[in-house]
Amino acid sequence: MDFLMSGLAACGACVFTNPLEVVKTRMQLQGELKAPGTYQRHYRNVFHAFITIGRVDGLAALQKGLAPALLYQFLMNGIRLGTYSLAEARGYLHTAEGTLSPPRSAAAGALAGVMGAYLGSPIYMVKTHLQAQAASEIAVGHQYKHQGMFQALSKIGQKHGLVGLWRGALGGLPRVIIGSSTQLCTFSSTKDFITQWEIFPPQSWKVALVAAMVSGIAVVLAMTPFDVASTRLYNQPTDARGKGLMYRGILDALLQTARTEGIFGMYKGIGASYFRLGPHTILSLFFWDQLRTLYYTYTK
């Protein structure tokens, strides 16, 4: 049930935040490996991106990649939050005195995140391809022209085999390790702190909400450079053998981005990342916490 509740919580959050994921993906690919001021900015900010995509691609385009996004969230977060919940329930995250151990919490969050992200990597890659696809006048990054999730997975599998389906998986792991460990560690620590100081009544939904808000800010600040690099690794064009033509790996993507676009290039789309990761973190952790509370309340 922990894995099922975790997956459902993440899917619930994804339905609301997927349009922001579309905007974030396009802003991260805009001006890829080009110096500032040398390219046309189709998307000036989050709100302009929403209007531009809706006007040119149509309102339905704001939910591009929803099917793989939901499947990825169910797989990745079902495993990630479910594994973390089991570790928490069995006392692995607490010290002998009964207090939460931040290093253990961060390590458990990172390990759980790696497991979920690696298994769901092919789905995440296809999601990135689909969300980047746009009308030629506002297109950014490489355009794959997939017809849908299953067609994309089939096409990549037939052309490049299993290796092609998991292209970019290792490069995407640092993003998940940092994001997952930061998210779960800050969420648990903040929730523990609020509970100890009795800021809200016991079992109040406000405890989970405030803890998730704090966690969302920490995640965006820590993860954005790795998120930008991961998006570009997944979306880059490939040769006949399925090898990326622009980047050799995550470190190369980070270095090339910093060298050509500056430090701000590594934080491209941070506004969209916050508006997406903030609510997604808040909603998924809030739904997860509330589902667990309901489950344990009615099964005791």
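Helices (H or I, at least four residues) and strands (E, at least two) are DSSP runs numbered from the N terminus, and axes are lines fitted to C-alpha atoms, for helices over the stretch in contact, with angles running from 0 to 180 degrees between N-to-C directions. The model is predicted, so that local features need pLDDT of at least 70 and side-chain atom pairs count only at pLDDT 80 or more, while totals for chains, interfaces and linings use all residues. Residues are numbered from 1 along each chain as its sequence is written, and side-chain values use heavy atoms, with hydrogens and water left out.

Helix 5 and helix 6 (residues 149-165) pack at an angle of about 125°, and their axes lie 11 Å apart. Helix 5 is therefore oblique to helix 6, where angles under 35 degrees count as roughly parallel, over 145 as roughly antiparallel, 65 to 115 as roughly perpendicular and the rest as oblique. The crossing of these two helices is right-handed, a crossing being left-handed if the near helix is turned anticlockwise from the far one by less than a right angle, and right-handed if clockwise. In this contact (heavy atoms within 4.5 Å), helix 5 contributes S121, P122, I123, M125, V126, H129 and L130, and helix 6 contributes M149, A152, L153, I156, G164 and L165. The residues of this contact divide into 10 nonpolar, 3 polar and no charged, where Ala, Val, Leu, Ile, Met, Phe, Trp, Tyr, Cys and Pro count as nonpolar, Asp, Glu, Lys and Arg as charged, and the others, Gly among them, as polar.

Helix 5 (residues 121-132) also packs with helix 3 (residues 66-89), at an angle of about 150° and with the axes 9 Å apart, which means that helix 3 is roughly antiparallel to helix 5. Their crossing is left-handed. P68, A69, L71 and Y72 of helix 3 meet I123, Y124, K127 and L130 of helix 5, giving a contact with 7 nonpolar, no polar and 1 charged residues.

Helix 3 packs in turn with helix 1 (residues 2-29), at an angle of about 140° and with the axes 7 Å apart, so helix 1 is oblique to helix 3. The crossing is right-handed, and the contact has 14 nonpolar, 9 polar and 1 charged residues.

The structure holds 0 disulfides, the cut-off being a pair of cysteine sulfur atoms within 2.5 Å. The sulfur of C14 is 6.7 Å from the closest cysteine sulfur, in C11, and is therefore too far for a bond. C14 is buried, with a relative accessible area of 3%, and C185 also counts as buried, at 13% relative accessibility (buried means under 20% relative accessible area, exposed over 50%, partly exposed in between, with a 1.4 Å probe and protein chains only).
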